[in-house]
Amino acid sequence: MDLEERIARRQATRDDDLLVDRRPLNPAVHLAEPVGRDTVLERLLDVFDPVFDRRLPPDAAVYGPKGAGKSALVNALFAHLNDQFGRRKQRLGTTTRAGTATDTVAFVHADGYRTTSEFQFYHRLLDALVDESVPRRGVGTERLRERFVQQFASPTRNAVVAVDHLASENSPSASELREWLAPVEEDVALVVVGRSVPDEWDAATVHVPAYRQHALVDILTERASRALTSNALRHGQARHVAEWASGDAHDALAAVSNAAELADADDADRVRASDVDAGIDDVPDEGVHLGRVFGLPENRRTVLSELLALDPTPPIDDAASAIADRSDLSAGTVKRFLYELAEHGVLERVETDATDGSGRRPSRPEPQFPTLPFRRFDGDARPE
């Protein structure tokens, strides 16, 4: 954030505001400049070094634990490299004749949470490479593939494609991605981003370790300075959250976001210790990343929103009926979605103390993601 932006932000803020701008506390949003990752950035730049000679870099796997900042690193680096080595988008279906342009390398990022099919993959890449809108209806996968291949008819056209959140539910595998890119394998490098190196991976790897505590404190302090009034989050509170989060920036940001919302709802002028404790309690142990929840189809997110409005959460059958009454979905469809979300780890089925009359204990669906940030930021979630 530059000085002009900081001044404008304060001019637009009343003295009694605690939350100035919620967006910097969204755990699924990344800052333009990563914090505390200089060493890993250098390793990534080593991999991409051929780009500085206008050559295609090798394929690479960027891996590390949840909340280590893998997506933030790749997003930030791609944005800067695109500014340096990319070029203006072409018109759909057009190519550049050989020898009419200098060598360029486009850097394209695709989210594995939302890119779950070959059609979505080509659509995402074309959307990044061409100037006009790419149609979603009236065109098949084969036609999109043809249009994608056309973009590399010129020998001066290359691209580095990063697919994030590999090995998440329904995301393509590394072998599938290589198969989809096979028609342009001489012109496109693949970067896969996930928690582990794909099986039988034979290319470069870059490990992103969990954040050290001091780096995580810096992240929380920087984000809070953008989101809250001055000194609303004390350094000791940031340190407490960082120690609890054990290097997971996603969970740490979720806890601070929760704490800020609770303090603001109570008209407090700063985040209190009780807000921090309650904010931490809302983040499930071994929970799923909010980006994964935001990447769900809209009807599944609607079901989750309505589920959170039920307090206390009833057994699945009762929850399905209640949600159906509040939406355009049938109880049977809602029940199917709830079981599906539980199977994928977004919800957990927890047995109740009561019985259903036959001696069996029904289960109720319990969210496995931070619920307060989901309520606050779900309206901002948009498909790529």
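A residue counts as buried when its relative accessible area is under 20% and as exposed when that area is over 50%; anything in between is partly exposed. Keep these cut-offs in mind while you move through this predicted model.

Select R300 and E340. Their side chains form a salt bridge, with the closest N and O atoms 2.9 Å apart. R300 sits in helix α12 (residues 298–308) and E340 in helix α14 (residues 331–343), so the bridge links parts of the chain 40 residues apart. R300 has 14% relative accessibility and therefore counts as buried. E340, at 21%, counts as partly exposed.

Next, select E118 and R145. Here too there is a salt bridge, 2.9 Å from N to O. Because E118 belongs to helix α4 (residues 118–129) and R145 to helix α5 (residues 141–150), the pair ties together parts 27 residues apart in sequence. R145 is partly exposed, at 26% relative accessibility.

Now go to helix α9, residues 249–265. From first C-alpha to last it reaches 24 Å, and 14 of its 17 residues are buried. After the helix comes D267, with a positive phi near 60°.

Then colour the largest nonpolar core, which has 32 residues. Among those with the most contacts inside it are L25, L216 and L233. Helices α7, α8, α9 and α10 each supply at least two of its residues, and α9 gives the largest share, nine.

Finish on L233. Its contacts include L220, V256 and V271.

Conventions
Residues numbered from 1 in each chain as written. Predicted model: local features only at pLDDT ≥ 70, side-chain atom pairs only at ≥ 80, totals over all residues. Heavy atoms only, no water. Helix = DSSP H or I, 4+ residues; strand = E, 2+ residues; numbered from the N terminus. Expected span 1.5 Å × (residues − 1). Buried < 20%, exposed > 50% of the residue type's maximum accessible area, 1.4 Å probe, protein only. Core = buried A, V, L, I, M, F, W, Y, C linked by side-chain atoms within 4.5 Å. Contact = heavy atoms within 4.5 Å. Salt bridge = Lys/Arg side-chain N within 4 Å of Asp/Glu carboxyl O. Lists of a residue's contacts leave out its neighbours within four places in sequence.
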